[in-house]
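Take a look at the model first, then try each task before reading on.

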Amino acid sequence: LIDYDVASRLVFESTHIKDFVIQKTVTLKHNSFIINHHIEIKGNKGNVSSVGLVWDKGLRNTEKNVPDEISYSLSSIGINKTIENITLTPTSISDVVEKKSYNNADWAAIRNKYFIVALVPKTPVTASHASSAFMLKNETLVPSYAANISSINSSSLDCDIFLGPLDLDEINKLDTYLDRIMNFGWFILQPFSRSVLWLLKFLHGF
């Protein structure tokens, strides 16, 4: 189903599953980096207690200077305006950061130097993330991050997925504190850093 008046809307339904139906509605907003995913288990009868979304294998590297990009790459989970990060600078293909899980999370995100993917549900969820080493060509090791969220005692999940540049104006459209994943320096310097960023963007636009 496609509604061109507001957004493009795609509805997927499972088949050949006994006793219940899985329905996922994907809404792509025009001129936006935000895609909404609504997942619902119909006819569940208490058999399924939660549903979730998984983002695996992180974000593709974009920098020719791989060590520089790795220094910016991380996975984050936001819980009540507290951010839990994991990072990995692999020296062996077997290097990993074991899975870490959190209850009542507000969002989960993975970023590199210039881009971010964020899972931002409408209500608190259970979230987890982990990392492992991945081999690029020329025997270059990079971190590969995975994140997932799951509904809490509910067979439905409504989640916005942001996939785009680390642009403060675009990220703030999610109406959350996801902008704190960007490095503005020490807390006391952050107002100054944000002001400088605003000034530079203003001058660029001008």
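**Exercise 1.** Locate Lys 81 and Asn 153 in their loops, and work out whether each is buried or exposed.

*Solution.* Step 1: Lys 81 sits in the loop that links strand E5 (74-79) to strand E6 (82-86). Strands here are DSSP runs of E with at least two residues, numbered from the N terminus. This is a predicted model, in which local features need pLDDT of at least 70, side-chain atom pairs count only at pLDDT 80 or more, and totals for chains, interfaces and linings use all residues. Residues are numbered from 1 along each chain as its sequence is written, and side-chain values use heavy atoms, leaving out hydrogens and water.

Step 1: Check the backbone. Most residues other than glycine have a negative phi. Lys 81, however, has a positive phi near 70°.

Step 2: With a relative accessible area of 56%, Lys 81 is exposed (over 50%, computed with a 1.4 Å probe on protein chains only).

Step 3: Now Asn 153, in the loop between strand E11 (140-150) and strand E12 (156-165). Its phi is also positive, about 55°, although Asn 153 is not a glycine. Asn 153 is exposed, at a relative accessible area of 73%.

**Exercise 2.** Trace the open sheet of 4 strands: what is its order, and which are its edge strands?

*Solution.* Step 1: The order is E4-E11-E10-E7, with antiparallel pairing (two strands pair if DSSP finds at least two bridges between them).

Step 1: Strand E4 (52-55) and strand E7 (96-105) are the edges, each pairing on one side only.

Step 2: Zoom in on E4 and E11, which run antiparallel and are joined by 4 bridges. Leu 53 stands opposite Ile 149 in E11.

Methods: Buried means under 20% relative accessible area, exposed over 50%, partly exposed in between (1.4 Å probe, protein chains only).
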